[in-house]
Each structure stands twice: as structure tokens, then as C-alpha cells.
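Let's read a protein structure together, one feature at a time. Take a look at the picture, and then we can begin with some questions.

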Amino acid sequence: MASTDTTPVQDAGSVEAGLDALETTATGRPTLRQTFVNKIFPPIVAIAVVLAAWALLYPIVDNPAKLPSPSAVGSAFKDAWLQGELLGYIWTSVSRGLLGFLMALAIGTPLGLLVARVKFVRAAIGPILSGLQSLPSVAWVPPAVIWLGLNNSMMYAVILLGAVPSIANGLVSGVDQIPPLFLRAGRTMGATGLKGTWHVTLPAALPGYVAGMKQGWAFSWRSLMAAEIIAQFPDLGVGLGQLLENARTASDMALVFEAILLILFVGIAIDLLIFSPLERWVLRSRGLLVKG
């Protein structure tokens, strides 16, 4: 009888050990070859395909005013670099974009927590946040110019109006997905008020919050480009948006492509340097990162 009673326990232990073995993966550091094959080689192939298609399409269009050659765009990059203007274009826009995003983060985070935790506030301004998130950010440029004038404050106002709703809504979505058991366990252990928000709510809502931050940066960058294209003033300096508008005014397609590629490059670089590592860290901390 005793042996019969212990059999299920042994079987359960065996099953649990087997499941643990299935879930256990080697976590060694990837080799240089693996890093190149998995991370570096695919983007190189994609860029090569785009350049090849561009080079093949250029003779067919046969109109530099509509489609410049890759060499012409390369010359535009080279001239801007030799004249010491290339990094200035990038820094003018990136510094504004990052500072505006940080301000949006400082406003959107407490706003999102307030909307998520207070029913009256959610009913009052929740739909407004969703509506603002769907409103094109370019629509805020004219009123911002009228209210604040042609200055950096106008640029930051447009960024905030574009990014804050996305950050707040992302955090609200993350809080809504927290299992109630987590919150009850936190209250049981004394994590209430600001302490509970910092130690329980924010960590548990991190996936949705990070998604909101990523989308908020996208809105920040697009809002800034719209503001720089529409509102131009000598004291504002020349950012990437103004560079694009100057190229359009001059009908210089090589310069237009230069500005577009720079805007695209900054967006990709920020995602790869900031948000992709942050997302991987969140997934890894929750055991959700799938390793190929």
C-alpha cells in the first residue's frame, strides 16, 4: 500500500523534471559567425536588394528630376559631410526629438496611471486620449504656431500633443492586463499607494508600457518632422524636416532622397539602440524570449 501511495508522487516528479528539461535551453554567448548570420547579414542583403532595384529602375525612369541615381544621392551625402553640415542636420532634429519624448514620458506616465486606476478619470478623458492618438500630428502645427510663435516651444508642444496620448494609452493597456492576483498579493504585502505603483503596477504593466513608449517615440519623431517642414525660421536651425522642405523648394531630388534616408536612418537607429534592447530585456525577464 505504501508503494502504491508513492507512485503518483514519483510520476509527478518525473513529469515535472521532464518539463523542466524541455524548457531548459543552452544560454551560451553567440559566436561571431552566429551574430553575423543572424543580425548583420540579413540587413546587408536587404540594403543590397534595394540598391540593385534602384540602379535598375533609374535608367527606366530616365528622369533625374523624378528619380535621382544612387551616385547622385551619394554625392549629396558626401558634400554635406565635407561641408560639416550632415551631423548638424541630424543633431538638430534628434536633440529636439529626444528631449520632447522625455517630456512626453514625464507627462504621459502619471496620466496613464491616473486614467488606468481612477474610473471617473477614465470615463472622462479616456476617449479623448484615444481620439488624440488617432489625430494626425500635423494638425497641431498651425495652432501651435499661433499660440507659441516660431520657436522651439512650438516644436515641443507639437511633440507632446502627438506622443503623450500614445504613452498614456500604452500604460493603460499594460495596467489592464495585470492579473488581479498580482495586485492583491502586493496589497497583502503592504505595497499600497505610490509604493504599490512603483513595485507592483509599473513592473507588471511593463510590456504594454514599453509598447506605448515605442509608439510614443514614433509619434514624437513624425510630429517633429511635420513641425520642421511646415514651420521654418532662421533661429530654429536646419533640421531634417527643414532640409527636406528646402530640397523640395529647390526641386533637388538628390537632396530630397538624402533627407528621407536620414530621417529613416535616425528612426531605425533609435529603435535598434534603445527600444529593441529594452523589449528584449522585458521579454527575457519574463522568460518569453525565444532564442533561435
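Q: Is H7 mostly covered or mostly open, and how many of its 25 residues are buried?

A: Before we start, keep in mind that this is a predicted model. To judge cover, we ask how much of a residue's surface is accessible, and under 20% relative accessible area counts as buried. In H7, 19 of the 25 residues are buried, so the helix is mostly covered.

Q: How many helices and strands does the chain have?

A: You can count twelve helices and zero strands. Walking along the sequence, the pattern reads α-α-α-α-α-α-α-α-α-α-α-α.

Q: What share of the chain's residues counts as buried?

A: Of the 292 residues, 34% count as buried. The chain exposes about 17600 Å², and carbon and sulfur atoms supply 69% of that area.

Q: Where in H7 does a kink lie?

A: Look at alanine 163, where H7 has a kink of about 30°.

Q: How many salt bridges does a search of the whole structure find?

A: Here is the general idea: side chains of opposite charge can pair when their charged atoms come close. In this structure the search finds five salt bridges. One of them joins glutamate 228 and arginine 96, at 2.9 Å from N to O. Glutamate 228 sits in helix H10 (residues 206-230) and arginine 96 in helix H4 (residues 86-117), so the pair links distant parts of the chain, 132 residues apart.

Q: Are glutamate 228 and arginine 96 buried or exposed?

A: Both partners are buried. For arginine 96, the relative accessible area is 5%, which is why this residue counts as buried.

Q: Which residues does arginine 96 touch, not counting those up to four places away in sequence?

A: Arginine 96 touches Asn152, Met155, Tyr156, Ile159, Leu224, Glu228, Leu236 and Gly237. Take methionine 155 as an example: it is 59 residues from arginine 96 along the chain, yet their C-alpha atoms are separated by 7.8 Å. Among contacts between residues at least 6 apart in sequence, 71% join residues at least 24 apart.

Q: Which residue forms a salt bridge with arginine 122?

A: The partner is aspartate 176, with the closest N and O atoms 2.8 Å apart. This pair also links distant parts of the chain: arginine 122 is in helix H5 (residues 119-134), aspartate 176 is in helix H7, and 54 residues separate them. Arginine 122 has a relative accessible area of 30%, so it is partly exposed. Aspartate 176 is partly exposed as well, because its relative accessibility is 45%.

Q: Which residues form a nonpolar patch on the surface?

A: The patch is made of Leu261, Leu264, Ile268, Leu272, Leu273 and Ile274, with about 570 Å² of accessible area together. Isoleucine 268 lies in helix H12 (residues 253-285). At 43% relative accessibility, isoleucine 268 counts as partly exposed.

Q: What is the phi of serine 251?

A: Most residues other than glycine have a negative phi. Serine 251 has a positive phi of about 55°, although it is not a glycine. You can find serine 251 in the loop between helix H11 (240-249) and H12. Its relative accessible area is 60%, so serine 251 is exposed.

Notes
Residues are numbered from 1 along each chain as its sequence is written. This is a predicted model: local features need pLDDT of at least 70, side-chain atom pairs count only at pLDDT 80 or more; totals for chains, interfaces and linings use all residues. Side-chain values use heavy atoms; hydrogens and water are left out. Patches are made of residues with over 30% relative accessible area and no salt bridge: like charges are joined within 9 Å, nonpolar side chains (Val, Leu, Ile, Met, Phe, Trp, Tyr) within 5 Å. Accessible areas come from the Shrake-Rupley method with a 1.4 Å probe; for residues, only the protein chains shown count as cover. A salt bridge is a side-chain nitrogen of Lys or Arg within 4 Å of a carboxyl oxygen of Asp or Glu. Helices (H or I, at least four residues) and strands (E, at least two) are DSSP runs, numbered from the N terminus. Buried means under 20% relative accessible area, exposed over 50%, partly exposed in between (1.4 Å probe, protein chains only). Contact means heavy atoms within 4.5 Å. The bend at a residue is the angle between axes fitted to the seven residues ending there and the seven starting there.
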